[in-house]
Amino acid sequence: MSDKSSHINKYVDRFFEDLILYDDNIVFKDGTKSNHDYKGLLKAAIEVFLNHQSSFTAYEVYQTFFMMYQITPEDKSEVDENNPNILISEPNTLLDLVDIMREYEKNTGSLINRQRDHFIHSVNVFILGLSVYAQNKYYRDIFKRYILKNKHYTKYYRIDGEFSHEEFLYRWGVAALFHDIGYPIEIIGKQLDKLIDDGIKNISPTYDDVRVSLDFRDFDEFNTIVKKYPYDYADNYRERYSDSKVLDLFKPTDIMAHKLKMDFDIDTDTFKELIRHLNGFVRIMGEQGFIDHGFFSAILVLNSYGKLIQKYGDKDKDFFFYPIVDSATAILLHNYYSNVLQKKPFGFGKLRPKQSPISYLLILCDELQEWNRQPYGVLDVQKNHVNDMDVVIDDEYIKVIYILNNGPMGFGFSKKKDEVIDSILEIQDIFQGKLSIRTKIELDNIIRGISIAEIQTPNILLRNIEKLARQINSDYNDEMRQKLDEAIKNGNQEEIDNLKEKCSYLCEFEDLRSDYKLSNIRQAKSIPKKLSIIGCEIAHKNDKRAEITEFDKHEIEDLAIFEHYDWCREREGTGWTYGDVKNPEKLKTPYLVDWEELGEDIKNFNRNSTKNIPNLLNSIGLKIVRNKIRLLTFKMHQFYESGSLDDNCDGEESFKKLPKHVQYSNYRQADYLVKILKEKGFELVSADDSRDKIIRFDDDDIEYFAKREHEGWLKLKLNFGYGYLQLDDIEKPEIKDRTINLANNPNLVSWEHLDENIKKANKNTFINLPEMCEDSNVGLKIVKSE
């Protein structure tokens, strides 16, 4: 949204002014305060997104929110002093769902007639909802009364004993950011429709009535929360609500049906009909030729959170049955209310905010959010679209102006939008005046480009990211001031002037411009991936593995190059472009170039930041160690070289003597093992995992693994430039001059043509793999996947 036309920025500021986060204000037993600024991190992510809406900046909002509210075995704010080794990293399964939705939508648009962006859209819905909450006292009061009227749920967010706006932030964030998470399922159905339209219907016009539908071989399995610790999962809930005792509270549709019964005060017969309809909705959608992705999104949310709440058994189960079910039910209703509940046999009237305030707001914001929705579908690309918007929100009214730059949306667009919202929602319950929607065409307005920059989900907790980001900023400040001192000593006036200008921008982390703050966060989040590239990971100081305190020169160069390109993706994703002279106000920088084109001073800056990673982690009580897959790589090399699994052999020292490209090849092969084990339902886990270990594989699995391992090795060698050479070829100049010294290798053939002795050696690897994993220096074991 453009600054000139939107009030959203100031509404977001107002929301955060009144927000106090629990984790930012914890007072510990010793009287000290947590000193986090998670609110600042989320606000910075939103501000950067509002200034430049792209896939990159949208993902920063998702990532920050779901890391703030990541469900883990311990308090997310501080290390458990009794068990300091846990939670250096914890997989974030909720962000995994976000990744899937983003990639699937982005890569399948050309196979669908009608599809618009849902990834960036969901972030805009989230921000619009924050704005309504900040600006409209009627909605805030209704939401607060809705929470407080439920006497069973008393663990809502409070500050000094009083109701906190964070309760809204959490419920709304889950609902808004996840409301389209099941959209890939709808995409599949639309792809099949397009196949019929483009293919079969071209054969004969008599196929006009052909419509495809999706079916589940076993919908009941999808519609079931995985049972991990069922003994006390729903006991409290059943005791409070006698009518829930006949329900399956591991079944998302039953859970949401009961939630609707309570919110809408529906009678027993309607309740039974609602359960039947939800449980048969997949069949109904198939018969009627549509797919409601909100239905699948809601089930995915309940499945994900239901498993997490059980996994961490000390967590309060009420957390699932109240805020999470509330958000998931809102996700269900954002389409289901108008498409089903307002029609026969239910006949619900207009939705009122007091019945389900999160549902009400989600429907409103989802309907209003039309700007900057990138078209993906073949037909949608050809249509005009809303490029920007201006919205005015207060206690009396909500006025929305859609701004277009390429012609009208079509006759009656504003009127139809107004009528749709008015038919679903009782608008005057929160806006005493009237909803106003109109469009404005600005032909000279230039639509933003949508960046496809990506960033990997970090495998590190938010508290550590925040600490690292702060330290990165502090180290940078120290380095620049030190350089200025050296320049003053040397008397180089040009360098002094340049460094004085740079130092004038230095400030504490809290005072950084939002995009600079996020840049430090991005750099902190990239550390786990960088370490993974060289076979390392982050661990607590008490971890028994040897600490890596410095990198070799090849690792420093590789990671410095990675940092530069990661920085380039970040800058491009936040709206920066190339310019001969750096101009932060105009988002121009001369460093958006390939590594080879950088000056040595900038290259050295990246190298130095790489060298500093061990000290950086050390400063917050963490260290770098070889990850267990790399330790397994050393053990496998030892086995290949000597045929021995003796613990006294030093596989790592021998491994380090190999040429760098051979080390890299072995790293890749070890990583590949993880992949091919998963193909047969096995996984590598820590030796202290509670599951039973696999002692040996059967013959069929060994044959399969050996063949797949050879295929991976063959592909890697060919990518490196190896080939099947005759001895006479080795002396040819074009071969001799290659950087990698190629040698005649008769094994560069398919599995079927491979020598039987080599096949036997490959199989022998997997025969001995369980024992290699259990080596005391490796600390892994193989188990069956859950």
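**Helix 20 and two further residues**

Helix 20 has 20 residues (514-533), which at 1.5 Å a residue should span 28 Å, and its end C-alpha atoms lie 29 Å apart, which agrees. Here the expected span is 1.5 Å times one less than the number of residues, and helices are DSSP runs of H or I with at least four residues, numbered from the N terminus. This is a predicted model, in which local features need pLDDT of at least 70 and side-chain atom pairs count only at pLDDT 80 or more, while totals for chains, interfaces and linings use all residues. Residues are numbered from 1 along each chain as its sequence is written, and side-chain values use heavy atoms, with hydrogens and water left out.

Within helix 20 there is a kink of about 35° at Ile527, shortly before the proline Pro528; the bend at a residue is the angle between axes fitted to the seven residues ending there and the seven starting there. Because 17 of its 20 residues are buried, helix 20 is largely enclosed by the rest of the structure, where buried means under 20% relative accessible area, exposed over 50%, and partly exposed in between (1.4 Å probe, protein chains only). After helix 20 comes Gly535, whose phi is positive, near 80°.

Asp326, in helix 15 (residues 318-341), is buried, since its relative accessible area is 0%. Leaving aside neighbours within four places in sequence, Asp326 has contacts (heavy atoms within 4.5 Å) with Tyr146, Arg171, Lys259, Ser356 and Ile358.

Lys272, by contrast, belongs to helix 12 (residues 268-279) and counts as partly exposed, with 45% relative accessibility.

Definitions and conventions:
Helix = DSSP H or I, 4+ residues; strand = E, 2+ residues; numbered from the N terminus.
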